[in-house]
Amino acid sequence: MKRRTFLAGTAATALTTPAIAQTSKKLTFLSWNIVDQADLFKTWFAEFGKLHPGVEIEWLDKKGPDLPPFYQTQLAAGTPPDVVDLQGGIGVEYAAQGALLDLTPYLAKQPDVKARFNADYLGNWVWEGKNWLVPFYVAKSLLFYNKSLFKKAGIEAPATSFDELLTQAEKIGAGGGDQTGFLTLNFDWLYWALFRMNDVELLTPDLKQPAFDTPKMIETIERLAKGTAGTAINKISWTGRWVEPLGAFASGQVGMLNAHSSAYFFLKGQGAWINPDTLGVAELPGNWSVPTLHGYGISKGTKDPDLAWAFVEFCTAKKQAQEMADNRRILTGYTEVDDTLMDRIKGQEPLAYAVLKTQLEHTDKLCGNWPLPSDSRVKDAFYPELQNALLGRKDAKTAMKEASRKVARELRRA
Amino acid sequence: MRKLWWRHAALIVISIIMLAPFYWLLKTAITSENIYEYPPHLLPVRPQLFNFVDVWYLIPFPRYLFNSIVVSLIAVAGNLVLNAMAGFALTLPFVGRRSVIVLLLSCTLIPFQATIIPAYLITAHLGLLDSYLGLALPLLSTIVCIFIFKASFDAVPRSLIDAARIDGLGEMRILLRVMLPLSTPAIATNIVLSFIWSWNNFLWPLIITRSQDMQTLPLGLARFLSYMEDTTGALYAFVVMVLAPGLLVFLMAQSAFMRGLTTGATKG
Amino acid sequence: MRSRRRATVIACFLAPSLLIFIVYRILPLVWNVVLSFEYWSPLHPATWAGLDNYQEMLQDDDVFWLALWNTLIFLGSQPVAIALALGIALLVNSDLKGASVYRTIVFLSYPLMTVAVAIIWHWMYNERGGLINYALRQLGIIHQPIAFLDSFAWALPSIIIANTWQVLGFFMIVLLSGLQNIPPHLYEAARVDGAPAWARFFRITLPMLRPSVFLCLVIGMLNSFSAFDLIYVMTNGGPGHATELLITYIYKQGFVSTRFDYAAALTVAQFAILLLLTWIAHRAVGGNAGAIE
C-alpha cells in the first residue's frame, strides 16, 4: 500500500522536477552501444531540430548489459526515454511488459514508411499481430570459412547439409596442431540454425509448449557433443562470448565460424591473413540463419508520441539510413538504401560485399527469433542444459528432459 | 640471521606474486604488439605511449576525471563530518544505543544491487538526478567508517574528556578540540576509504547520470569498452589512467591510513 | 536539564547518518520485503502473491540453490585468504628491514576499482596473451592453454583467486594491528615456561587475535555476498551458472528477466542468510562480537 502511493508520488514529482521540465521540448533517445557514430548522430539531431523548431534531442548511450537496468529504473520512475534502440528479443519482451508503444497505426497511416523495410526484418518485431520496433540496423548469422584450411583438408566447397558440415569439421580438425573444424557463437540464439537445419523446433507453433525434446534433437546434440569432445568442434563454441571465439577464428586455426556479419569487421581487424583468397563466406546448410537486429521503439510513457514517431521516421529515412549504412558498412533493412550500399562497395571491397550479400538473401529463412515475452527467461532455462549436454557433462536425454521441464515452467509463468 | 634471510625470501616471492598483475597491466598498456600473439613477450616490445593518446582522444578524460574528483570530494567531506558526529554520539551513553548499533550493522547486510530501484526513485523525488550531490548521497556516510571513528574516540582517555566537560566545553567542542585532534589515523582512514569507495562506484552513476557532462571515470571505462572491446592495449592504458589517482591518494596517506584502520579494527 | 540537552546533541549527531541509511538501506529493504509477497514489475500494478515467490525459490529453482552453493564456496575461501593474510602478517610483523615496503606492496591491490581488477584478471587468465597460461606452460605444468574463465571446473576458483588478490592486503592490515596489540609480556612468560614456537602461536597469538579474525570473517562474509562487479565483468555468472552468486542472480532476475518481485524474494533470502551467518559467527567467537561494537 505504502509503496504504491510512494511510487505514484515519486512519478508525479519526477514529472515536475526542473531537470525534466524544459521550456523547449526535449526528446530523449537511448541507443545501444553505438557511441562510434556520435558525429553522425549530432548532425541528425541538428537537422531534426531545424525541421521541428524548439525540439532538442537528448542522446544517451549505454552498453548492452548496462541498458536494461537503466531503462527499467527510468520506467519505474515514469520517465522512460522517448525513443529507444533495442537489440534482438528484448524488444518483444519490453513490448509484452507494456513498455513500448504500438507502432502499427503509424505504419498503417504511412505505408511509404512501412514500404522502406525488408518485410522479413520488419516482421521480426511483430508480437500479437502488432509492430513494436522498426529496423535500425540489421545482421544475421552466416558461415565464415578459412579457405586455406579447406584446401589443406581437401574440401572444395562449404557444406550443404548438416552431415557434410560435420564431416568437413572432422577433416579440418584432424589436421593436427591447435586446429579445430567448426566454431559458433552462442549468445542469444545464434547457434540455433544448427538445430533448425535438423528440423528441430524449440516450441510448438503457438509458442506455448516446448517441442524440442525429440529423438532428432537428442541425436543432433549427441553428434555435436562428439565433435566437441574431439577436434571437429571448438569447445569455445559453447562457452565463449564474443572476443574469445572471434579471436580463435582470427588466429587462423579454425576451419569454419558461424557468426553474424558484424563479426567480419572484427575478424578483419584481428587476422592479418584475411583477404578474398583466404576467407570465404556462405550460408549455413538449408540457408538458415539467426538474426541479430537493432530496432527503434517508442516508449509508451513518452509525453509526445507523434513527435517521437516523427523522430523515428526521420532517422529511418533514406538520407539518414544511407549515411548510417555508408559510415558503418552495415545494412539498415531499408531495401533501397542497402542496395545502394551494395552497389557502392561491389568493386572496391569484394569481401565486405560477399559478407553483406548473405544478409540480404534468404531472409525468409530466419530462425531463433521467436516473439517471446519471456525470451531471456526461456533462454536462461534452456541454454545451460544444452551446454551441459554439448560439453558432455550430462547425457543429452537427461539434459533435454530437464530443459523441457524448465522451459515449460517459464512459458507457463509468462 | 639465516632466519631473517628466509623471511625476506618468502616476502619477496609474495611481493612478486602480488605485483605481477600490475606489471602485466602496465606492460600491455605500453606495448604496441598484437596483444593476442603467443607466446606473449615478458618485456614490452617497442614500448610507447600511443595507447594513452588514444584514450585521451576517445574519452573526454579530463571531464570524467573532474567529475570523479568532485563526487569523491563531496563523499569524503560528508564522511568526515557525518561519521565523526555519529561515531562520537555512539561513544556517549543513551537509551536505545544498542538498537542503533544493531540497526547500523544490519544496514551493512543489504546489497546495493537490490536497492537500485527504490534508491533511484528516492533520488528522483529529491530532485537530485544527474547531479553531483545525487551521485555522492548514498555514500555520504558509511557504517564501517563510523565504527572506526567510534573505536578511535573510545580510546581517548576518559579523564581528558571529563576535564574538558568540567571546563564547560559543549559536546561539539569536545568533538572538535579533544577527540578529532587525537584521531588523525581514523581521519586518514575515513578519507582513504570513502575516497576509494566513491571513486570506484560503478552501478550507481550508471543509473542516475544522464548527460555526458556528469559521467564519472568508471563509466568512462564502460564507454571505452563499447568503442574498442578488449582487443587492444588501449583498454589497459585506460585502466592505468583510472587506477592511478586512487593509488596516488592511497600512497600519500598510507601510513596514517594503516594506523587508523588498525586502531579502528580492534580497539574498544 | 543537562542530560536532555545532551540527548538533543546525540540525536542531532546521529540524525544525518541515520537518515542516509534509512533512506538508502532500510527503506529499500522494506520495499524488497513487501515486493517479495507481490507480483510486480514497472508498469504493472502490484497484486498479492502470498508466498508464491518463496515457494518458487525454495522448491522450483535449482539456480537459486546453485547460486547459494557457489556463494558458500566463495565464503569458504575467505578463511583461507585470512589464513594466508595471517601468515604474511606474521612475516612482516617484526622489525624486519623493509617490512613497511612489503606491507605496502601486499596492500596495494585493495584500493583498486573492482571493475578494473576484473579487467586485469580477465586479461591475466587469457589463453594467449595472459601471464598465467604462459607461466604455467613455460614451467611445463600444463601443455595446452586452459580457458580458465570458460571452464566449469576453473571459473569459480579463478574468480576466487582474483578476489583473494584484492582483499588479502586488507585482511593483513587488520590482523597486523591485532598482532601489535598483543602485550609482549605474554610471550616472554611463555618463553620462560619453555613453550615452543607453535605452542606460543596456538595458545597466545590465535586467542588474542580473536577480535581481528572475527572482523576479517565478517568483512569476508559481506564481501562474498556482494562480489558483484568482479563477476559481472569477468564471467557474468557463466559458464552455465558456474560462477553465479546470489548477488549476480538477484541482479539478473531483476534487470535482465524483469522479475523484480522474484528478485526481491531472493534479496530477502540473502539478507536472512547473512543475518544467520553473522549470528553464528558472533556466537562462535564467544557471544561478544566486541570487535566492532
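Please begin with C:Met172: which residues is C:Met172 in contact with, leaving aside its neighbours within four places in sequence? Please then continue to the core around it and to the contacts between the chains.

Analyst: The model is predicted, and the account below should be read accordingly. Once neighbours within four places in sequence are set aside, the contacts of C:Met172 are with C:Ala85, C:Ile88, C:Ala89, C:Val106 and C:Phe107. C:Met172 also belongs to the largest nonpolar core, which has 299 residues. Together with A:Phe144, B:Val239 and C:Phe171, C:Met172 touches the most other members of that core. Helix α7 of chain C, residues 155-180, gives the core its largest share, namely 15 residues. Chain A contributes as well: its domain 1 (2-139 + 292-358) and its domain 2 (141-290 + 374-413) both give residues to this core, so the core lies between them.

In the contact between them, domain 1 of chain A supplies 13 residues and domain 2 of chain A supplies 12 residues. On the domain 1 side, α4 (90-97) and α18 (350-360) of chain A each give at least two residues. The largest share of that side, 7 residues, comes from α18(A). By residue type, the side of domain 1 that touches domain 2 divides into 8 nonpolar, 4 polar and 1 charged.

Along the principal axes, the C-alpha atoms of chain A fill a box of roughly 70 × 55 × 35 Å. Of its 414 residues, 51% count as buried. Among the contacts in chain A between residues at least 6 apart in sequence, 73% join residues at least 24 apart.

Chain C meets chain A through 18 residues of chain C and 23 residues of chain A. On the chain C side, α1 (2-35), β2 (44-48) and α12 (246-256) each supply at least two residues. The residues on that side comprise 10 nonpolar, 6 polar and 2 charged.

Of its 11 residues, 11 are buried, so α12(C) is largely enclosed by the rest of the structure. Its buried residues include C:Tyr249, C:Tyr251, C:Lys252 and C:Phe255. The cover over the buried residues of α12(C) is drawn from two chains: it includes α3 (67-76) and α19 (375-390) of chain A, together with α3 (62-92), α10 (210-225), α11 (228-234) and α13 (260-284) of chain C. After α12(C) comes C:Thr258, which has a positive phi, near 50 degrees.

Chain C also meets chain B, where 68 residues of chain B are in contact with 72 residues of chain C. Several helices of chain B give two or more residues to its side of this contact, among them α1 (2-29), α3 (61-91), α10 (184-200) and α13 (233-266). The largest share of the chain B side, 14 residues, comes from α13(B). The residues of that side divide into 54 nonpolar, 12 polar and 2 charged.

Methods. Residues numbered from 1 in each chain as written. Chains lettered and ligands numbered in written order. Predicted model: local features only at pLDDT ≥ 70, side-chain atom pairs only at ≥ 80, totals over all residues. Core = buried A, V, L, I, M, F, W, Y, C linked by C-beta atoms within 7 Å. Buried ≥ 20, exposed ≤ 12 C-beta atoms within 10 Å, placed from the backbone. Helix = DSSP H or I, 4+ residues; strand = E, 2+ residues; numbered from the N terminus. Domains from an automatic or database assignment. Contact = placed C-beta atoms within 7 Å. Nonpolar A, V, L, I, M, F, W, Y, C, P; charged D, E, K, R; others polar.
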